[in-house]
Amino acid sequence: MQGNNHDDVRRHNLSIILRLVHRGGAASRAQLTRLTGLNRSTIGALVAELVERGLVEERTPDPTKLAGRPSPIVAASDRIVAIAVNPEIDAITVGAVALSGVVHRLIRYATPSSPSIAEAVTITAGIVAKLKRDLGEYSIIGIGVAVPGLVRASDGLVRHAPHLGWVDEPLCDLLAAATGIPVVAANDASLGVTAERYFGSGQGLTDLVYLNGGSSGIGGGLVIGGVAAGGQAGYAGEFGHTRVSDGIDTDSAGIAGTLEAEVTRHALLAALGLQAGETDADTLERALLASDSLIVRNLVNRQLDFLAIALASAVNMLNPQLIVLGGFLAALHAVDPERLNVAVAALTLPAAFAEVSIAPAVLGSNLLMIGAAELAFEALLVDPQQDRGNTTGLPLLGFRAADTAAPTFSTSQGHPLS
């Protein structure tokens, strides 16, 4: 039914409040009144509706820390959950992320080889079935997938994920059919910049560049003038295909001498003698910092110098306030941040370099989980009054565990990270 103007205004105000407590953390009613410009009675009524819908909860403030009459604290619910998925060439990671920002569970399922689309859907559906049972009465509103490749923004079709071997695969439709839960998907690095923008080092910034290094290569995401820049079809930010050398090695698109061809995770793992399926970004960083091998250090220096060329291009073209490095790129940065800064400075306009910082992602291994969950939460944040999720015909709240059995994941590691 078409809503009247009053309905639209109320829906808009509910959206504002939910976004504030979701992305800004718990806030008192008094703070929400100041931030929104709405009067106290209106805030009270809107908060009451969000509480009734189970989207927020009110807590009693600590009276010893406040003067005068304390205002109730409004916090996003821990019990409204999005499932986040990140398929890679050596593992599929699935997390359960609450509207409050708490990562309730994180499961990494190692795969012996790059999974086909059918294998990825089957594995993910099995993990989701397990999470449904583990989460009990929690409400699962949707699934967000961070894909290492090009994803069409209009419908989530995976146009090309080269390392996975996926071309024009309807991942969202297949996974929704397998799980009975709404599914949305986007490029992994674009979701990484979303996570850092709202919950990490990019909070309050208007111009932000994020580069993610994973087992499937290097991608990026952009925020320009306070707006996420995805390009006409959602493919913007493919920094991995930036040419940085005259080398003959090619990247996943067959282009020689690119950042993705010259700066690779598998080369670092090989130099350290580590296995890909058993090494996450944090483990890689610790190993690089602990290594006293000249071969390893020369490789790191070489990769940092190539990375600097791509970052300098980004600084000169986009004039960002911050460049955030995630995945194995953050591990490279940790070894010698000064070398990277000096190399970037040598290739950029002095005025532009003076205004930019280069830093690792502060969200660590949770970054893509939080970004993918944010994608799934978006429809709810736009319209907190909705009765359905991101896919028409599928329930939003009150999703209960299915009767189907989930496989046993001997290689998984699930644990609360709150």
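In which strand is the place of Val74? In this predicted model, Val74 lies in strand β3, which spans residues 73-76 and pairs with β1 in the antiparallel sense over 2 bridges. The residue that stands opposite Val74 is Ala27. Val74 has a relative accessible area of 0% and is therefore buried, given that the term applies to values under 20%.

The C-alpha atom of Val74 is separated by 5.5 Å from that of Ala26, although the two residues are 48 residues apart along the chain. When neighbours within four places in sequence are left aside, Val74 is in contact with Val21, Ala26, Ala27, Ser28, Arg29, Leu32, Val47, Val56, Glu57 and Glu58.

The sheet to which β3 belongs is open and consists of 3 strands in the order β1-β3-β2, with antiparallel pairing. Because β1 (27-28) and β2 (56-59) each have a single partner strand, they stand at the edges, and one side of each is left without a neighbour in the sheet. Helix α1, formed by residues 5-24, packs on this sheet and touches β1, β2 and β3, with its direction making about 80 degrees with that of β3.

Not counting residues up to four places away in sequence, Val382 touches Arg11, Ser15 and Arg19. Between Val382 and Ser15 the C-alpha to C-alpha separation is 5.7 Å in space, while the two residues are 367 residues apart in sequence. With a relative accessibility of 45%, Val382 counts as partly exposed, since that class lies between the limits of 20% and 50%.

The structure holds 1 cavity of 30 Å³ or more, and about 40 Å³ of space lies in the largest cavity. The lining of the largest cavity is made up of Val85, Pro87, Ala120, Val121, Thr124, Val145, Trp166, Leu171 and Leu175. Two or more residues of this lining are given by each of the elements β4 (80-87), α4 (117-135) and α5 (171-179), and the largest share, 3 residues, comes from α4. Classified by residue type, the lining of the largest cavity comprises 8 nonpolar residues and 1 polar residue, with no charged residues.

Methods
Residues are numbered from 1 along each chain as its sequence is written. This is a predicted model: local features need pLDDT of at least 70, side-chain atom pairs count only at pLDDT 80 or more; totals for chains, interfaces and linings use all residues. Side-chain values use heavy atoms; hydrogens and water are left out. Two strands pair if DSSP finds at least two bridges between them. Helices (H or I, at least four residues) and strands (E, at least two) are DSSP runs, numbered from the N terminus. Contact means heavy atoms within 4.5 Å. Axes are lines fitted to C-alpha atoms, for helices over the stretch in contact, and angles run from 0 to 180 degrees between N-to-C directions. On a 1 Å grid over the protein atoms alone, a cavity is a set of points where a 1.4 Å probe fits but cannot get out, and a pocket is an open set with protein on both sides within 12 Å along at least five of seven lines; lining residues have an atom within 4 Å of a point. Grid points are joined across faces, edges and corners, and a volume is the space filled by probe spheres set on the points. Ala, Val, Leu, Ile, Met, Phe, Trp, Tyr, Cys and Pro count as nonpolar, Asp, Glu, Lys and Arg as charged, and the others, Gly among them, as polar. Buried means under 20% relative accessible area, exposed over 50%, partly exposed in between (1.4 Å probe, protein chains only).
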